[in-house]
Amino acid sequence: QVQLAESGGGLVHAGGSLRLSCAASGSISHYNMAWYRQASGNQREWVATIRWAGSTNYADSAKGRFTISKDNAKNTVALQMNSLNPEDTAVYYCNAKSRFSTYEAWGQGTQVTVSS
């Protein structure tokens, strides 16, 4: 079991960048890791995934602007967000899904606000 804690959110102008970090309480080597976001009044949507072996996938809204990465030695996952626009404003959540079971964990989220 792992606990997740997001950090790095904040206020940024349109066109700017932010780097979010997700710190896990234990090894993430056997987890598929992902970032989701939830704008006010909207449903939570998937943003990006990095699987346990390192392959990545992105939502169309993130492709070309966002990069997901991980550091297994530090038990951290990052989301580099460039060319931000107001539509990216949301609470961003880190998610872990076990490679070997149905176990799933969520962080409490970090607020990202992009001003126009």
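# Briefing: strands and salt bridges in a predicted model

The side chains of Glu45 and Arg37 form a salt bridge, with 2.7 Å from N to O. The model is predicted. The protein chain holds 11 strands and zero helices. The salt bridge count comes to four, and Arg37 also meets Asp88 in one of them.

- Arg37 counts as buried, because its relative accessibility is 6% and buried means under 20%.
- The salt bridge between the side chains of Asp88 and Arg37 spans 2.9 Å from N to O.
- Asp88 lies in the loop between β8 (76-81) and β9 (90-98), while Arg37 is in strand β4 (residues 31-38), so this pair ties together parts that are 51 residues apart in sequence.
- Both Asp88 and Arg37 are buried.

**A salt bridge between exposed residues**

- Lys63 and Asp60 meet through their side chains in a salt bridge of 3.7 Å, N to O.
- Lys63 is exposed, at a relative accessible area of 52%.
- Asp60 is exposed as well, with a relative accessible area of 69%.
- One network, made by salt bridges that share partners, joins Arg37, Glu45, Arg65 and Asp88.

**Strand β4 and its partners**

- Seven of the eight residues of β4 are buried, so the rest of the structure largely encloses this strand.
- β4 runs antiparallel to β9, and eight bridges join the two.
- Within this part of the structure, Trp35 stands opposite Cys94 of β9.
- β4 also pairs with strand β5 (residues 45-50), in the antiparallel sense and over five bridges.
- The hairpin of β4 and β5 has six residues between the strands, and Gly41 in this hairpin takes a positive phi near 85°.

**The open sheet of four strands**

- Four strands make an open sheet in the order β1-β3-β8-β7, with antiparallel pairing.
- β1 (4-7) and β7 (66-71) stand at the edges with a single partner strand each, so one side of each has no neighbour in the sheet.
- On average, neighbouring strands of this sheet are turned by 15° against each other, direction ignored.
- β1 pairs with strand β3 (residues 18-24) in the antiparallel sense, over four bridges.
- Leu4 has Ala24, in β3, as its bridge partner.
- In a regular strand, side chains alternate between the two faces of the sheet.

**The chain as a whole**

- Along the sequence, the protein chain follows the pattern β-β-β-β-β-β-β-β-β-β-β.
- The radius of gyration of the protein chain is 13 Å, which agrees with the value near 13 Å that a compact globule of 116 residues would have.
- Taken along the principal axes, the C-alpha atoms fill a box of roughly 45 × 25 × 25 Å.
- Of the 116 residues, 41% count as buried.
- Contacts between residues at least 6 apart in sequence include 55% that join residues at least 24 apart.
- The protein chain exposes about 6,100 Å², and carbon and sulfur atoms supply 45% of this area.

Conventions:
Residues numbered from 1 in each chain as written. Predicted model: local features only at pLDDT ≥ 70, side-chain atom pairs only at ≥ 80, totals over all residues. Heavy atoms only, no water. Buried < 20%, exposed > 50% of the residue type's maximum accessible area, 1.4 Å probe, protein only. Pairing = 2+ DSSP bridges. Axes fitted to C-alpha atoms, helices over the stretch in contact; angles between N-to-C directions. Rg over C-alpha atoms; globule rule 2.2 N^0.38 Å. Contact = heavy atoms within 4.5 Å. Areas by Shrake-Rupley, 256 points an atom, 1.4 Å probe, with all protein chains shown as cover.
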